[in-house]
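Trainee: I have not looked at this structure before, and I would like to learn how to read it feature by feature. Could we begin as soon as it is on the screen?

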Amino acid sequence: MKKSFYILFSIVLVLGILTGCGSQEQQKSQGSTKQSQVELTVSAAASLQDALNSLKTTYEKEHSNVKITYNFGGSGALQQQISQGAPVDLFFSAAEDKFGQLVKEGIIEKSQGVNLLSNDLVLVVPKKNEAGIHSFQDLTKASNVALGTPESVPAGQYGTETLENMKVWKTVEPKVVYAKDVRQVLTYVETGNVDAGIVYRTDAMISKKATVVAVADDHTHTPIIYPLGIIKDSKHAKEAKAFYDFLQSKLAMDVFKSYGFKGTN
């Protein structure tokens, strides 16, 4: 009787040990899976918002361990945030000079950057166009004009250059209502708070309440180039490089083009 009891006790003890080991292995496995989850932070120009959100959905479906978080805004403001130490993995600028500043500061290595996209600068008006604006020269008769703040919004910088080259900036400048990014410019136009605004073609394409009345000639402003680069001190260098490569793929470029962007070649 005692012998049977000891045999039974030994079996239970062994099973308990095996179960405990299995449980520990399972916990380790779950812990490993949890640790492999990565959140990538991408600071990107506001004009890229719709295209990048579409690509995020596609990418996360194929990479379940990666979560993409965007910080959209004016490229100048984003560049300053990164310069001041904001935790970012990739920077997608709407201007070469803002991007170049981070390269100069050693925050992005030149070899880890690429001029990926280009865009057009356009003049938009509310659907009713009660002010009768049909060209950049017509802005001289507008009551107010929305423009991104040139120091922090590349579209504002390009817009100022265009108006200066057309010899109308001095007349238009007192009428300018400055905005934090191109999407805010578009909102001002859509709501009829201004007679016109200067944005990218890609922004105008998504609007049902604003109409494009003119396109700026390329020679009137600095080329509109969108550089993309990896932040050198990214804590997720491998995953950042993978997303960086994905954004240059044919699939991604087709999506960008569907939103009105152009390549740089």
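Mentor: Let us start with helix α5, which is mostly covered, as 10 of its 12 residues are buried; buried means under 20% relative accessible area, exposed means over 50%, and partly exposed lies in between, with a 1.4 Å probe and protein chains only. Helices (H or I, at least four residues) and strands (E, at least two) are DSSP runs, numbered from the N terminus. Keep in mind that this is a predicted model, in which local features need pLDDT of at least 70 and side-chain atom pairs count only at pLDDT 80 or more, while totals for chains, interfaces and linings use all residues. Residues are numbered from 1 along each chain as its sequence is written, and side-chain values use heavy atoms, with hydrogens and water left out.

Trainee: Which residues in α5 are buried?

Mentor: They are P154, A155, G156, Q157, Y158, G159, T160, E161, T162 and L163. After the helix comes K167, which has a positive phi, near 65°.

Trainee: How many residues does α5 have, and what does it reach from its first C-alpha to its last?

Mentor: The expected span of a helix is 1.5 Å times one less than its number of residues. Helix α5 (residues 154-165) has 12 residues and reaches 17 Å, close to the 16 Å expected.

Trainee: How is a pair of aromatic rings described?

Mentor: The description uses the distance of the centres and the angle of the planes. Rings of Phe, Tyr and Trp (its six-membered ring) pair if their centres lie within 6.5 Å, and planes under 30 degrees apart count as stacked, over 60 as edge-to-face and the rest as tilted. This structure holds 10 aromatic pairs. In one of them, the rings of Y70 and F72 have centres 5.1 Å apart and planes at 35°, so the pair is tilted. Y70 is buried, with a relative accessible area of 14%, whereas F72 is partly exposed at 24%. F256 and F261 form an edge-to-face pair, with 6.1 Å from centre to centre and 85° between the planes; F256 is buried at 0% relative accessible area, and F261 is buried at 4%. Both also belong to one aromatic cluster, formed by F92, Y158, Y200, Y226, F256 and F261.

Trainee: Which residues in the largest nonpolar core touch the most other members?

Mentor: In soluble globular proteins, nonpolar side chains tend to be buried together. A nonpolar core is a set of buried Ala, Val, Leu, Ile, Met, Phe, Trp, Tyr and Cys residues joined through side-chain atoms within 4.5 Å. Of the 58 residues in the largest core, L48, F92, Y226, F243, L247 and F256 touch the most other members. Strand β1 (residues 38-45) gives the largest share of this core, 5 residues. Another core, of 11 residues, lies apart from it and includes A146, V185, V194 and A204.

Trainee: In what order do the strands of the open sheet stand?

Mentor: Strands of a sheet pair through backbone hydrogen bonds, either parallel or antiparallel. Two strands pair if DSSP finds at least two bridges between them. Here 6 strands form an open sheet in the order β2-β1-β3-β10-β4-β11, with mixed pairing. At the edges stand β2 (66-73) and β11 (262-263), each with a single partner strand, so one side of each is left without a neighbour in the sheet. Strands β3 (residues 90-92) and β10 (residues 225-231) pair in the antiparallel sense over 3 bridges, and F92 stands opposite L228 in β10.
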